[in-house]
Amino acid sequence: MMVCNLRHMTTRSLAAAMVGGLLAGCGLGSTPPQGVEVCKDPASTCVLGNGMSLQTRTTPKVLVPIDLSVRDVSTSATAVRVEATMAGMSMPPVGVDLRGSGPSEWSGQLILPVCSQGRSDWQWTLITRVGSGEQRTTIQVEAAQR
Ligand SMILES: [Cu+2]
């Protein structure tokens with residue numbers, strides 16, 4: 001999957017690769033939109049840009065309960081919720097209100113349904129309520145099919 005490593009390509013070779021269809025294998029669905037962070041291996045913790053970290057107890061898989069924890073959450077947070085969606089697809093809403101499980105740590109369990117298009121590029125949005133406002137952080141997390 002060398003062509004997926006865009007960092008080492010010049011603009012010109014990148015454009016040529018796109019015209020030549022070389023990037024097709026990268027799959028548009030796996031390229032997150034701007035502002036979406038990618039967490040490749042949540043089972044070994046992803047530190048997010050805002051300083052919070054996300055960890056799942058096991059590698060995410062559809063239909064299998066996913067125990068997840070968000071750490072280094074602001075101590076002024078009064079509620080933390082995780083909602084899972086897929087870009088460009090309307091799917092049944094999936095979400096869980098996390099419970100405080102330690103200092104600055106919130107945990108809960110999420111069960112992802114099977115995607116009818118066979119996609120695995122879920123987007124998890126962490127919604128942290130602080131006072132009357134809320135902060136949203138969207139992370140792309142792959143979930144293996146059965
Ligand atoms: Cu889907």
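I began with strands β2 (residues 46-47) and β3, which run antiparallel and are joined by two bridges; helices (H or I, at least four residues) and strands (E, at least two) are DSSP runs numbered from the N terminus, and two strands count as paired if DSSP finds at least two bridges between them. The model is a predicted one, in which local features need pLDDT of at least 70 and side-chain atom pairs count only at pLDDT 80 or more, while totals for chains, interfaces and linings use all residues. I note also that residues are numbered from 1 along each chain as its sequence is written.

Within this pair I found Val-47 with Ser-53 in β3 as its bridge partner. The β2 and β3 hairpin has five residues between the strands, and Gly-51 there takes a positive phi near 95°.

I call a residue buried if 20 or more other C-beta atoms lie within 10 Å of its own, exposed if 12 or fewer do, and partly exposed in between, with C-beta atoms placed from the backbone. On to β4: four bridges join this strand to β3, and the two run antiparallel. One of the residues I looked up here was Gln-55, whose bridge partner in β4 is Ser-69.

I then stepped back to the whole protein chain, where I counted one helix and 10 strands, in the order α-β-β-β-β-β-β-β-β-β-β from the N terminus on. Of its 146 residues, 18% are buried.

For the sheet, I traced five strands that form an open arrangement in the order β1-β10-β9-β5-β6, with mixed pairing. At the edges stand β1 (37-39) and β6 (89-97), each with a single partner strand, so one side of each is left without a neighbour in the sheet. Direction ignored, neighbouring strands of this sheet are turned by 30° against each other on average, where axes are lines fitted to C-alpha atoms, for helices over the stretch in contact, and angles run from 0 to 180 degrees between N-to-C directions.

I went through the pairs in turn. β1 and β10 pair in the parallel sense over three bridges, and Glu-37 stands opposite Ile-139 in β10. β9 and β10 run antiparallel and are joined by 10 bridges; they form a hairpin with two residues between them, and Gly-131 in the turn has a positive phi of about 60°. β5 and β9 pair in the antiparallel sense over eight bridges, and Val-80 stands opposite Thr-128 in β9.

Of its 20 residues, Val-70, Val-82 and Trp-124 touch the most other members. At least two residues of this core come from each of β4 (66-71), β5 (77-86), β8 (105-110), β9 (121-130) and β10 (133-142).

Neighbours within four places in sequence aside, I found Trp-124 in contact (C-beta atoms, placed from the backbone, within 7 Å) with Val-82, Ala-84, Ile-139 and Val-141.

Key
Core = buried A, V, L, I, M, F, W, Y, C linked by C-beta atoms within 7 Å. Contact = placed C-beta atoms within 7 Å.
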